[in-house]
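Reader: Please take a close look at the strands in this model. I would like to know how they pair, and what surrounds them along the chain.

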Amino acid sequence: MDSDFKTDENSTAEVSALLAPPPTPQLQEYFKKLITSRGCNGIEVKHNGTTGKGVYANSEFQEEELIMKDEILVGIQHSSNKMDCLVCSFCFRFVGSIEKQIGRKLYFKNHLGLSGCCDEDEYMKYNGNEEQCGGSSSTLPEGVVSSLMSGELALPLTDKFPLPSPLSCPGGCQEAFYCSESCAEADWESSHSLLCTGERSESVSREALGEFIKHANDTNDIFVLAAKAIAFTILRYRKLKAAHVNKKAKQSEPNQSLLLEAWKPVSLGYKRRWWDCIALPDDVDPSDEGAFRMQIKNLAYTSLELLKSAIFDKECEALFSLEIYGNIIGMFELNNLDLVVASPVEDYFLYIDDLPDAEKEEAEDITRPFLDALGDEYSDCCQGTAFFPLQSCMNHSCCPNAKAFKREEDRDGQAVIIALRHISKNEEVTISYIDEELPYKERQTLLADYGFSCKCSKCLEDSSSV
């Protein structure tokens, strides 16, 4: 890793500046603007003397009341989930149609073995080429699956579950699809223009980018999330620099303060190096912990070198240090929230099942073979991981007063936080990072991976009886 350590030595000051906690007034001003933009006016982010920053109620909340919806800063759909669900690559809303969702799931299931288990090349060969996907499920007549995907075959009552038509990536790749022009534009401007493998990609090397993505899919797709954070910061830096140059009416040198400003949304998450904070797997003996953590560090190094070859920007060189990369991944390890969007296919089949007997029987004559062919996978939801700026500020409690919970109307990737009980004004809003029903010692062991020992009222009570 000598070359990377040299890079770190040459940019030590920049790396240290990026990893330094933002001044409290600057942090509070940022979150104040963010809360206003989100319309979450019942909360505020502020510091306390014990746990650092936290989210506090500045108005009362009743049980089951919505506390906030938090938009994704960066997020990904798990690569293994892409065969199960076709969703917008920016907001993660389902796209296409019920028929298309069912058809592509059956195609992948029957042509590629187990659902969700195919290589990227096979997935790319299919995506957007329904006419090339002949064949059918072993339990369905020949050609039915391709007819579903192409829209030639309509199932009964799917008009009750309309979905946006999928829009292709503006860069020409076959990996990203969108529910609207606005989502396509927002994703392109925020990160995808650098991470697109299509002909209009703005990456340094599309070939290297492909190698980076393949490595991430083969090892850990959290690397793609880290790449999005770096691409987001680079593009933000370029936009800030362009505005700065225009304002000065002349070319200016790279400005560290501009990079710090571009980095600000990422800087606010709690960070530790990934190889230091990742939980030791159950199958790794404690005596081998040092070797395991070095293996994780080497894995991150390999990923970073591939990413450098794909999107390196000399003016943002500090972002490509192993220290920064490790801290970004560690931030996701410690602050990420599962990205889950319920499947409209599940809703559709449940709707059919709830019809009056005569209508149900008529509809099921057509839909039952498809449900049988899907099996338990009919209800697969969109699954991924994401970083949410406000949610990441919420502290843990084993007796939380709030939880992440998607309501019936929540059909995209935003984090939704609901009150579990009455929350008083000025009370801290807390969630549980773990299963709070576990025994005390198990809870403390799991929370140690987050870097703290819980001293909530439940833990204080439980510790006295241990």
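Author: What follows goes through the strands group by group, then turns to the helix and the cavity reached from them. The model is predicted, so local features are given only at pLDDT of at least 70 and side-chain atom pairs only at pLDDT 80 or more, while totals for chains, interfaces and linings use all residues. Residues are numbered from 1 along each chain as its sequence is written, and side-chain values use heavy atoms, with hydrogens and water left out.

Some terms come first. Strands (E, at least two residues) and helices (H or I, at least four) are DSSP runs numbered from the N terminus. Two strands pair if DSSP finds at least two bridges between them. Such pairing goes through backbone hydrogen bonds and is either parallel or antiparallel.

Strand E1 (residues 43-48) is antiparallel to E2, and six bridges join the two. A hairpin of three residues connects E1 to E2. E2 also pairs with strand E12 (residues 428-431), in the antiparallel sense and over two bridges. Tyr-56 takes part in both pairings: Glu-44 stands opposite Tyr-56 of E2, and Glu-428 is the bridge partner of Tyr-56 in E12. Five of the six residues of E2 are buried, and the strand is mostly covered. Here buried means under 20% relative accessible area, exposed over 50%, and partly exposed in between (1.4 Å probe, protein chains only).

E12 has a further pairing, with strand E9 (residues 395-396). These two run parallel and are joined by two bridges. Asn-395 has Thr-430 of E12 as its bridge partner.

Between E2 and E3 the chain passes through a loop that contains Glu-64. Phi of Glu-64 is near 70 degrees, a positive value in a residue other than glycine. Glu-64 has a relative accessible area of 62% and is therefore exposed.

Strand E3 belongs to an open sheet of three strands, in the order E3-E11-E10 with antiparallel pairing. E3 (66-70) and E10 (402-404) are the edge strands with a single partner each, so one side of each has no neighbour in the sheet. From one strand to the next the twist averages 20 degrees; for such angles, axes are lines fitted to C-alpha atoms (for helices over the stretch in contact), and values between N-to-C directions run from 0 to 180 degrees. E10 and E11 (residues 415-419) are held by three bridges in the antiparallel sense, with Lys-403 opposite Ile-418 of E11.

Another open sheet of three antiparallel strands has the order E4-E8-E7. Its edges are E4 and E7 (337-341), each pairing on one side only. Neighbouring strands in this sheet are turned by 30 degrees against each other on average, direction ignored. Between E7 and E8 (residues 382-387) there are five bridges, and the two run antiparallel. Cys-382 of E8 is the bridge partner of Val-341.

At 3% relative accessibility, Phe-92 counts as buried. H4 (residues 98-111) has 14 residues and reaches 20 Å from first to last C-alpha, close to the 20 Å expected at 1.5 Å a residue; the expected span is 1.5 Å times one less than the number of residues. Eleven of the 14 residues are buried, so H4 is largely enclosed by the rest of the structure. Among the buried residues of H4 are Ile-98, Glu-99, Arg-104 and Phe-108.

A cavity is a set of points on a 1 Å grid over the protein atoms alone where a 1.4 Å probe fits but cannot get out, and lining residues have an atom within 4 Å of a point. There is one cavity of 30 Å³ or more. The volume of the largest cavity is about 440 Å³, counted as the space filled by probe spheres set on grid points joined across faces, edges and corners. Its lining has 28 residues, with Lys-82, Ser-89, Glu-175, Val-224 and Lys-228 nearest the centre. Elements that give two or more residues to this lining include E4 (74-77), strand E6 (177-178) and helix H9 (222-248).

Key: 1 Å grid on protein atoms, 1.4 Å probe; cavity = no way out; pocket = protein on both sides within 12 Å on 5 of 7 lines; lining within 4 Å.
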